[in-house]
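Here is a friendly walk through the packing of one protein chain. Please have a look at the sequence and the model before reading on.

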Amino acid sequence: MMYQLDDDDKIKILTSIEIKGRVSDIWEVLTDVGHWDKWSKHIAVVAGKFEKDESIKVRFNTPEGKVHFDRKLVIFEPQRVFCWEGESMFPGLKDHHIFYLEEKDGGKVRFVQADGFHGTERSHEVVLVEEQLKGLYDVINAELKDYMEKRSTAI
């Protein structure tokens, strides 16, 4: 079954940006996880076999310091979407983080980064953290846009 972003009830944070370029080029950069530090100062490390049902390690650089996560790729549709999940920093909640590409008219791609904590009770603290993450994801989206659009003009 093909993944549908609109049907995902685990999403609590939804960010997106339009990038000039082709889905295949953006997908290539997103799945070249050993080199995410080329385009983002906020995603320091993604390591592991980047395929569905495989485990990966992720390290984000946040204003509060480095944050490490072990995740499993639960959705992986080439040229379209991948999603990792794992235990969150909140007991009883899982993190559900999606990267989604949608081709648009005029040589543009809509890049969506969505996330959310799901599981047991969602506290006020969880909602506040999600609001902070939204701001971080907007910055990461802008970093990817800048990198892709500079890269396409250099070719």
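## About the model

This is a predicted model, in which local features need pLDDT of at least 70 and side-chain atom pairs count only at pLDDT 80 or more, while totals for chains, interfaces and linings use all residues. Residues are numbered from 1 along each chain as its sequence is written, and side-chain values use heavy atoms, with hydrogens and water left out.

## Aromatic pairs

Rings of Phe, Tyr and Trp (its six-membered ring) pair if their centres lie within 6.5 Å; planes under 30 degrees apart are stacked, over 60 edge-to-face, and the rest tilted. That rule gives 13 aromatic pairs. In one of them, the ring centres of Trp-36 and Trp-39 are 5.6 Å apart with planes at 55 degrees, so this pair is tilted. Both Trp-36 and Trp-39 are buried (under 20% relative accessible area, with exposed over 50% and partly exposed in between; 1.4 Å probe, protein chains only).

Phe-90 and Phe-117 have ring centres 5.4 Å apart and planes at 75 degrees, so they are edge-to-face. This pair links distant parts of the chain, 27 residues apart: Phe-90 is in the loop between β5 (81-87) and β6 (93-104), and Phe-117 is in strand β8 (residues 117-119). Helices (H or I, at least four residues) and strands (E, at least two) are DSSP runs, numbered from the N terminus.

## Nonpolar cores

A nonpolar core is a set of buried Ala, Val, Leu, Ile, Met, Phe, Trp, Tyr and Cys residues joined through side-chain atoms within 4.5 Å. The largest has 36 residues, of which Trp-36, Phe-82, Trp-84 and Leu-144 touch the most other members. Helix α2 (residues 124-154) supplies the largest share of this core, eight residues. Another core, of ten residues, lies apart from it and includes Ile-11, Val-81, Cys-83 and Val-112.

## Helix α1

In helix α1 (residues 23-31), the buried residues include Val-23, Ile-26, Trp-27, Val-29 and Leu-30. Seen down the axis, the buried residues of α1 fall within an arc of 165 degrees (taken from the directions from the helix axis to the C-beta atoms), so they line one face of the helix.

## Strand β5 and its partners

Six of the seven residues of β5 are buried, so this strand is largely enclosed by the rest of the structure. Strands pair if DSSP finds at least two bridges between them. Five bridges join β5 to strand β4 (residues 65-77) in an antiparallel arrangement, with Ile-75 opposite Cys-83. Seven bridges join β5 to β6, also antiparallel, and Gly-86 has Asp-95 in β6 as its bridge partner.
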